[in-house]
Amino acid sequence: MTEIRPADTSGAALAGGNETSSSLLSADEMLLWRGFLSWSQTVLSDVARELLHQTGLTAAEFQILVRLYESPSGALEQRTLATDLDWSASRLSHQLSRMQSRGQLIRHTEGAGHVVDVTLTDHGRTLVTSALHVHAEAVQNSFLSTLTPAHRQALLALTSP
């Protein structure tokens with residue numbers, strides 16, 4: 001069996017030739033990996049497109065707003081957001097600046113350690129409250145409706161901590 005080695009995480013691969021390392025993927029494994037990437041990227045794109053079309057919010061804005069909305073205080077430390085989103089500090093800072101200029105949130109610095117708190121504004125709360133319904137419908141249509149009960153159980157088993 002010819003093995004295939006991924007060149008990067010996007011799924012691009014090179015033929016493995018005579019290599020037999022267990023770190024290489026078989027053709028079936030690579031097919032499964034590429035199928036997963038294609039499927040997940042399609043679902044994410046469909047949900048993001050629906051959010052933008054119906055609410056004007058980008059997927060990045062929604063991710064931030066929903067985390068602030070779910071926080072009991074409506075606020076989180078900027079570094080907590082970066083960790084939760086798995087974003088670089090720079091990427092998050094630029095995104096927060098754009099959102100602050102649109103009145104969706106405010107940032108303020110606390111204490112000598114320069115802890116930056118991010119707080120949801122009333123405008124941001126209104127936007128995310130409306131977007132939650134759009135998001136739920138898009139997830140239902142693009143993701144959940146495509147899964148059988150067995151698929152759902154398998155995915156839960158794979159993704160649960």
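Reply: In this predicted model, 47% of the contacts in the protein with a separation of 6 or more are made between residues 24 or more positions apart. Of its 161 residues, 29% count as buried, while the protein exposes about 10,200 Å², of which carbon and sulfur atoms supply 56%.

Against that background, the part you ask about, the largest pocket, has a volume of about 390 Å³. Its lining is made up of 16 residues, and those closest to the centre of the pocket are Val43, Leu44, Val47, His135 and Val139.

As for where the lining comes from, three helices each supply at least two of its residues, namely α1 (27–55), α2 (59–70) and α5 (122–142). The largest share belongs to α1, which provides 8 residues of the lining. Val43, Leu44 and Val47, which are among the residues closest to the centre, fall within the range 27–55 of α1, whereas His135 and Val139, also among the closest, fall within the range 122–142 of α5.

Taken together, the pocket of about 390 Å³ draws on α1, α2 and α5, with the largest share of its lining coming from α1.

How values were computed:
Residues are numbered from 1 along each chain as its sequence is written. This is a predicted model: local features need pLDDT of at least 70, side-chain atom pairs count only at pLDDT 80 or more; totals for chains, interfaces and linings use all residues. Side-chain values use heavy atoms; hydrogens and water are left out. Buried means under 20% relative accessible area, exposed over 50%, partly exposed in between (1.4 Å probe, protein chains only). Contact means heavy atoms within 4.5 Å. Accessible areas come from the Shrake-Rupley method with a 1.4 Å probe; for residues, only the protein chains shown count as cover. On a 1 Å grid over the protein atoms alone, a cavity is a set of points where a 1.4 Å probe fits but cannot get out, and a pocket is an open set with protein on both sides within 12 Å along at least five of seven lines; lining residues have an atom within 4 Å of a point. Grid points are joined across faces, edges and corners, and a volume is the space filled by probe spheres set on the points. Helices (H or I, at least four residues) and strands (E, at least two) are DSSP runs, numbered from the N terminus.
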